[in-house]
Amino acid sequence: MASLSSQHRVGSLAVFVCLAVLQILSGSFTLAVAAPRDTPPNTNGTIDTRDVLLARDAIADSYSEGTLRGSLILFNGRISTLDAQNTVASVLAIKDAKIVYVGDSVAAALHQGSFGSNLPRQINLRGRVAVPGLIDSHNHLVLLSNRPGYHTPLENVYSIADVQAAYRQRAAAGAVPAGAFITSIGGFHFNQFRERRLPTLAELDAAAPDNPAFLMVGFSGPCATNTAGKAFLAGLPGSASVSVASNGSIAVGAESGKALQALRAQLTFADRERSARDAMAYAASVGLTTHL
């Protein structure tokens, strides 16, 4: 970890800010320092984990891609220091990817940062919590890119009604063209649903009337689809045709594998790029900002 200049002694009131990494979609931004807090906090309290801000677009003005450097001031927020007193600051300053100030004064942050004429961008957190981004040291972005259709994560849904709501929301977002598959492949299991089953063809029709829908447990099935999805999969020529039951279910194993391969065969490079960007944007939205 880097330290501040020697004129600022780290003593009993020091705030040790753990290694943090923020990443915007165009590149990475690293924070690492042990920084002293110069004044008593003007706020105190607990952190509501539902109230989190990720400043993934906050350093566009000063960030130089590939340098892992950027400058930024966050103010009017709640910066949990995690020191012995659990103090909470309202201002945090970053210069060239290092935290140079933690306190409650933007003026003091500018002075201590010695930014000169190259003033950093200032972000008003409006009382929200700023947290370091989480690092995922084992993921599969290429696999995410190869998920066909418009992938819709289901790890946080707990009923068939929740699945339907997620699919309606995905379709209503405006980014999914009519006739394009809305899919959920891996990352969930029907045992998490209150009904302990996959949705039926009729239930998926109600959720996505203008789009084929396809859900797959793991990468071997079973699967579920709606009327439009069944028409596509069952209508494939010869041995590629997938056996889809009247309720939209597809058996685990070979038939599920054929369905997945048929959908993957439709992927273009543009589809794969979009899927990768969607995956990274979703990860950033839940606090996962760096992929190794």
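What do the buried residues of helix 7 pack against? In this predicted model, they pack against helix 2 (141–145), strand 12 and strand 17 (288–291). The buried residues in question are Arg274, Ser275, Ala276, Ala279, Ala283 and Ala284. Helix 7 itself covers residues 269–285, and its 17 residues should span 24 Å at 1.5 Å a residue; the end C-alpha atoms are 24 Å apart, which agrees. After helix 7 comes Gly287, with a positive phi near 100°.

Five strands make up an open sheet with mixed pairing, in the order 12-13-14-15-16. Strand 12 (150–151) and strand 16 (249–250) are the edge strands, and each has a single partner, so one side of each is left without a neighbour in the sheet. Further in, strand 14 (residues 213–216) and strand 15 (residues 223–225) run antiparallel and are joined by three bridges. Met216 sits opposite Cys223 of strand 15. Helix 3 (residues 160–172) lies across strand 12, strand 13 (182–185) and strand 14, at about 130° to strand 13.

On to the cores. The largest nonpolar core counts 20 residues, and the ones with the most contacts inside it are Leu154, Val163, Tyr167, Phe188, Phe193 and Leu215. Helix 3, helix 4 (201–207) and strand 14 each give two or more residues to this core, with the largest share, four residues, coming from helix 3. Take Val163: leaving aside neighbours within four places in sequence, Val163 touches Leu154, Val157, Phe193, Pro199 and Leu215. Apart from this core lies another one of 14 residues, including Ile185, Leu236, Ala259 and Leu260.

| Pair | Centre to centre | Angle between planes | Type |
|---|---|---|---|
| Phe181 and Phe232 | 5.6 Å | 70° | edge-to-face |
| Phe188 and Phe193 | 6.0 Å | 20° | stacked |

Phe181 belongs to the loop between helix 3 and strand 13, while Phe232 belongs to helix 5 (residues 227–234), so their pair ties together parts that are 51 residues apart in sequence. Phe232, at 26%, counts as partly exposed.

How values were computed:
Residues numbered from 1 in each chain as written. Predicted model: local features only at pLDDT ≥ 70, side-chain atom pairs only at ≥ 80, totals over all residues. Heavy atoms only, no water. Pairing = 2+ DSSP bridges. Contact = heavy atoms within 4.5 Å. Axes fitted to C-alpha atoms, helices over the stretch in contact; angles between N-to-C directions. Core = buried A, V, L, I, M, F, W, Y, C linked by side-chain atoms within 4.5 Å. Buried < 20%, exposed > 50% of the residue type's maximum accessible area, 1.4 Å probe, protein only. Expected span 1.5 Å × (residues − 1). Phe/Tyr/Trp six-rings, centres within 6.5 Å; stacked < 30°, edge-to-face > 60°.
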